Amino acid sequence: MSADVTVSESAFIEVDRVEKVFDVRRRTGFLKRELRRVRAVDAISFRVARGEMVGYIGPNGAGKSTTIKMLTGILTPSGGRLRVAGIDPSRERTRLAHRIGVVFGQRTTLWWDLPLIDSYRLMHRMYRIPDGRYRENLDRLVELLDLAALLEVPVRQLSLGQRMRGDIAAALLHDPEVLYLDEPTIGLDVVSKARVREFLRELNAERGTTVLLTTHDLQDIEQLCSRVMVIDHGRLVYDGALSGLHEAGESERTLVVDLERELPPIEAGEAARVVRVEGPRQWLAFPASASAAPLVAHIAARYPLLDLSVREPDIEAVIAKMLYAPGSSGEGSPERRAVVPGAGGS
Amino acid sequence: MAEGGRAAGLAQGLRAYRLVAGMWIRSTLAYRVSFLMTALGSLLVTGLDFVAILLMYSQVDALGGYSLPEIAFLYGLSAMSFGFADLAIGSAGRLGTRVRDGTLDTLLVRPAPVLAQVAADRFALRRVSRIVQATVVFGYALAATDVVWSPQKVLLVPVMLVSGAVIFASLFVAGAAFQFVAQDAAEVQSAFTYGGQTLLQYPPTVFGTELVRGVTFVFPLAFVNWVPASYVLGRPYPLGLPQWAAFAPPLVASVCCAAAGLAWRVGLRSYRSTGS
């Protein structure tokens with residue numbers, strides 16, 4: 001691409017006190033309107049280095065999509081400074097489009113009634129990808145995402161997992177330097193999820209593509225991202241390693257045990273506490289960082305154990321614990337709980 | 001924007017339009033039988049449209065002082081202009097749906113002008129049937145009319161056709177722009193586009209002055225056929241407009257085009273600053 005932009009390697013995506021304010025008009029009477037300002041994104045700052053893989057998470061309505069929309073040039077920020085590969089996304093939307101790939105998990109960009117390959121041919125021409133590079137990229141993506149048998153199949157006949165792989169390939173044909181994924185594994189079965197994650201890992205490792213993904217699946221983050229950013233009420237409340245998030249949230253896993261008969265709550269000392277009892281079934285919460293093995297051994301030795309299972313914390317629970325953990329000064333002060341370790345950056 | 005940049009943008013837009021429209025044509029042809037049925041169906045429906053007028057003339061000799069060939073002249077011209085505009089960018093009327101379900105965002109991350117992509121969205125080849133029908137009616141008008149053709153009149157016809165298509169197209173674009181703000185405005189838009197087209201099939205003499213005034217000065221649809229056709233047919237001008245007004249369609253079309261372009265820009269900017 002053009003050589004006029006020199007981006008310092010340390011900051012491929014630069015977000016400086018970016019905000020997005022929506023004016024919501026509400027009718028309060030005939031011709032009378034009440035104007036309310038909503039800060040969807042409130043003075044967020046972060047930097048993402050080239051080749052980083054970052055998870056961007058938060059509750060629904062926290063401002064995730066708004067941020068992604070500003071980074072891709074769909075929305076114009078109300079304030080602050082935003083640069084992706086040295087480009088101001090909202091001012092040079094089409095120039096930026098050549099350098100980014102976007103996958104919307106719930107909205108396919110593939111052509112429903114046409115064979116998969118037709119959508120790729122359109123990308124080839126719309127992005128003006130040189131023939132050689134297109135062939136090379138297509139061959140590589142088809143192989144890595146296992147699409148060979150699907151190319152001639154109309155998109156409407158593909159399964160959700162196949163379509164997601166097809167969408168990811170479509171977003172990468174033009175060699176984007178950064179890939180935004182909005183819920184890339186939503187609705188996929190375990191095998192499809194694993195395949196998508198495996199591919200993203202390789203893409204990041206081998207081609208150095210910067211990846212920013214939003215997800216509700218904690219495993220996506222665990223398996224892919226060295227860094228996670230949490231947004232809540234439009235503010236960045238955490239930016240750092242996932243392990244740190246677990247600690248910050250003191251997240252817990254749940255051990256579900258089925259006993260032979262109804263018994264009083266299990267005594268497990270410091271290791272775990274019973275959170276729920278329902279007939280012979282009991283739920284025990286224990287720290288996510290601790291191993292379940294000693295706990296299970298402890299219970300098996302003292303109680304008539306029939307069956308058990310371990311439940312991982314979901315992302316909402318982790319965030320909720322982190323934001324509203326006991327000891328924090330209530331819900332209104334997310335900034336006070338902001339943990340921004342220096343390790344988060346480059 | 002620099003003049004060169006604008007030209008490049010236009011070329012880029014036309015190219016994107018061609019690509020996207022091509023994909024839709026292929027999608028349509030994935031269901032050949034269905035395509036043939038809908039094409040035949042719409043040919044039949046548009047055909048019946050003029051049959052209604054024929055039936056009316058089986059009872060009366062003139063409508064608002066216009067004979068059947070004269071009505072056919074008005075009808076053919078407006079329907080052809082509309083048909084071309086509808087074929088080219090009628091799909092922009094679906095913008096509200098795309099705004100509502102969020103799929104407009106997928107167009108905004110492509111390296112192509114959004115208007116071109118929206119205009120080509122669901123490009124429907126079956127709309128050709130309207131142009132076919134209008135051409136047949138217009139052919140009849142030319143054969144049956146007793147107009148004495150002068151070089152000016154002959155030249156004016158293609159000018160009317162192109163200007164009329166541009167005026168309708170501007171209306172489509174302006175309507176689409178309005179849907180950025182009011183997403184359920186598709187029906188309102190249809191009232192002006194399809195409604196306007198139906199209006200123009202009848203002579204201005206059958207409508208009230210207020211309506212004719214609105215259609216002349218506010219939404220200048222009168223310049224699609226009423227005003228220039230008055231010159232061709234040798235009829236009195238609506239609203240007592242001066243004679244040069246018959247040659248104004250290209251000017252009116254340019255102004256409409258500029259206004260629609262501006263409306264589109266404002267609409268898109270408001271979408272990008274407010275989301276949906």
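Predicted model: local features only at pLDDT ≥ 70, side-chain atom pairs only at ≥ 80, totals over all residues.
Local features are given where pLDDT is at least 70, and side-chain atom pairs count only at pLDDT 80 or more, while totals for chains, interfaces and linings use all residues. Residues are numbered from 1 along each chain as its sequence is written, and chains are lettered from A and ligands numbered from 1 in the order in which they are written.

Chain A is divided into domain 1 (13-246) and domain 2 (252-312); the bounds come from an automatic or database domain assignment. The centres of the two domains, taken over C-alpha atoms, are separated by 39 Å.

Within the range of domain 1, strand β3 (residues 53-57) of chain A has 5 of its 5 residues buried. Helices (H or I, at least four residues) and strands (E, at least two) are DSSP runs, numbered from the N terminus. A residue is buried if 20 or more other C-beta atoms lie within 10 Å of its own, exposed if 12 or fewer, and partly exposed in between, with C-beta atoms placed from the backbone. In a regular strand the side chains alternate between the two faces of the sheet. In β3(A), M53(A), G55(A) and I57(A) are buried on one side, and V54(A) and Y56(A) are buried on the other. Two strands pair if DSSP finds at least two bridges between them. β3(A) is joined by 4 bridges to the parallel strand β7 (residues 210-214) of chain A, where M53(A) stands opposite V211(A). Another 4 bridges join β3(A) to strand β8 (residues 227-232) of chain A, also parallel, and here Y56(A) stands opposite M229(A).

Helix α1 (residues 64-71) of chain A has 8 of its 8 residues buried, so it is largely enclosed by the rest of the structure. Among these buried residues are K64(A) and K69(A). G73(A), which follows α1(A), has a positive phi, near 85°.

Domain 2 spans 252-312. An open sheet of chain A has 4 strands in the order β11-β12-β10-β13, with antiparallel pairing. β11 (273-278) and β13 (305-311) of chain A are at the edges with a single partner strand each, so one side of each has no neighbour in the sheet. Neighbouring strands are turned by 20° against each other on average, direction ignored. Axes are lines fitted to C-alpha atoms, for helices over the stretch in contact, and angles run from 0 to 180 degrees between N-to-C directions. Strands β10 (residues 252-259) and β12 (residues 281-287) of chain A are joined by 7 bridges, with E252(A) opposite P287(A). Helix α9 (residues 293-302) of chain A packs on the sheet, touching β10, β12 and β13, and its direction makes about 160° with that of β13(A).

The contact between the chains takes 24 residues from chain A and 19 residues from chain B. Two residues are in contact if their C-beta atoms, placed from the backbone, lie within 7 Å. On the side of chain B, α1(B) gives the most, with 5 residues.

The largest nonpolar core has 150 residues, and I167(B) and V173(B) have the most contacts inside it. Such a core is a set of buried Ala, Val, Leu, Ile, Met, Phe, Trp, Tyr and Cys residues joined through C-beta atoms within 7 Å. Helix α8 (residues 151-181) of chain B gives the most to this core, with 15 residues. Apart from it lies another core, of 8 residues, including A272(A), L284(A), F286(A) and L295(A).
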